[in-house]
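Here is a short briefing to read alongside the model. Please keep the sequence and the 3D view open as you go.

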Amino acid sequence: MALVLFNLLVVALILFDLGLGRRQATLTARQAVFRTLFYVAIAVGFGIWLGQARGGTTMAEYFAGYLVEYALSMDNIFVFIALFSFFSVPEELRPRVLLWGVLGALIMRGLMIWGGAALLERFNWLLYVFGVILIATGIRFLRHKDDEAGDVERNPVLRLVRKLLPVTEEYHGGRFFVRRNGRLWATPLFVVLVLIETTDLMFALDSIPAIFGITRDPFVVYTANVFAIIGLRSLFFVFSAILPLIRYLKYGLAVTLVFIGVKMLLIDVIHLAPATSLGILALILGASVVASVLFPPREPAEAAGNPRHKS
């Protein structure tokens, strides 16, 4: 029953977002901030209700999972900004492709979470595999150099789409496909949508094991994931404006993934209470944000949303 009610809430939020999307082609920074705070408030309220219904331990697991998933979802936005810049997506079309991207992400992650929970229930040793994956991903984050434009050009999915489908040079409003001389052509907007969905799938392969390192409860994993990505569309507009101000966030995410990976590998040796894990994660991510504020970029940042800027 709880899962049914939660999914009804998600549907209501999606319909609410769709209704606003019809009235607003683009979001101002102010509108994006208020909408992001609205989604965060709902997620926090749900966590408080979960604590009253299932106890403080479950609430701590939920908030720790939500914090990790929300922080990791910000890394998706780095790629979204790169894609929009690389394909010169018009401002008025970005909310549309983001909305479809979020809907696709909700479906994919739901399937992956319930499938992952079933696998862990049967093959407990997979937890150690997830731990190794997270540590490797965290190290990759630390060593990764920003070159989003080059990453897009080398993306194998982009090459595959271009090989399988004819793609128009220009956009056709919000349409993903157009018909020319009886032949179906994809528009650049469809290519961007495919890349956004595959990007989220790749990030989910990191983020879902991360939250399973915090809790094995599929309901908590699912709800924390959904709340982390359902406000991603409005968060994009906030994040693209403050991108130069949080340059150390990636380091915080890297340390977070390594911490959770080590925790999973040592699960039979060290037992951390969910509240303790929540505090450590909040400290790591908070320190990365504070460091970004205290040590801003030396060079003036370029216009917001330009991912090709290198500091």
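**Helix α2 and what follows it**

In α2, the buried residues are A32, R35, T36, Y39, A43, F46, G47, L50 and G51. Buried stands for under 20% relative accessible area, exposed for over 50%, and partly exposed for in between (1.4 Å probe, protein chains only). This is a predicted model, in which local features need pLDDT of at least 70 and side-chain atom pairs count only at pLDDT 80 or more, while totals for chains, interfaces and linings use all residues. Residues are numbered from 1 along each chain as its sequence is written, and side-chain values use heavy atoms, with hydrogens and water left out.

- Helix α2 covers residues 29-54, and its 26 residues should span 38 Å at 1.5 Å a residue; the end C-alpha atoms lie 37 Å apart, which agrees.
- The expected span is 1.5 Å times one less than the number of residues in the helix.
- Helices (H or I, at least four residues) and strands (E, at least two) are DSSP runs, numbered from the N terminus.

**Salt bridges**

- How many salt bridges does a search of the whole structure find? The search finds 4, where a salt bridge is a side-chain nitrogen of Lys or Arg within 4 Å of a carboxyl oxygen of Asp or Glu.
- One of them joins R54 to D217, with the closest N and O atoms 3.1 Å apart. This pair links distant parts of the chain, since R54 is in helix α2 and D217 is in the loop between α8 and α9, 163 residues apart.
- R54 is partly exposed, with a relative accessible area of 40%, and D217 counts as partly exposed at 23% relative accessibility.
- The side chains of E69 and R109 also meet in a salt bridge (3.4 Å, N to O). Here E69 in helix α3 (residues 56-86) is linked with R109 in helix α4 (residues 94-122), 40 residues apart.
- Are E69 and R109 buried or exposed? E69 counts as buried at 2% relative accessibility, and R109 is buried with a relative accessible area of 4%.

**The β hairpin and R180**

- Strand β1 (residues 177-180) and strand β2 (residues 183-186) run antiparallel and are joined by 4 bridges; two strands pair if DSSP finds at least two bridges between them.
- The two strands form a hairpin with 2 residues between them, and N181 in the turn has a positive phi of about 50°.
- R180 stands opposite R183 in β2.
- R180 forms a salt bridge with E170, the closest N and O atoms being 2.2 Å apart. The partners are 10 residues apart, R180 in strand β1 and E170 in the loop between α7 (156-164) and β1.
- R180 is partly exposed, with a relative accessible area of 30%, and E170 counts as partly exposed at 33% relative accessibility.

**The loop residue I214**

- I214 sits in the loop between α8 (188-212) and α9 (218-230).
- At 12% relative accessibility, I214 counts as buried.
- Which residues does I214 touch, not counting residues up to four places away in sequence? They are E61, A64, G65, V68, I260, K263 and L281, with contact meaning heavy atoms within 4.5 Å.
- I214 and L278 are 64 residues apart in sequence, yet their C-alpha atoms are 9.0 Å apart in space.
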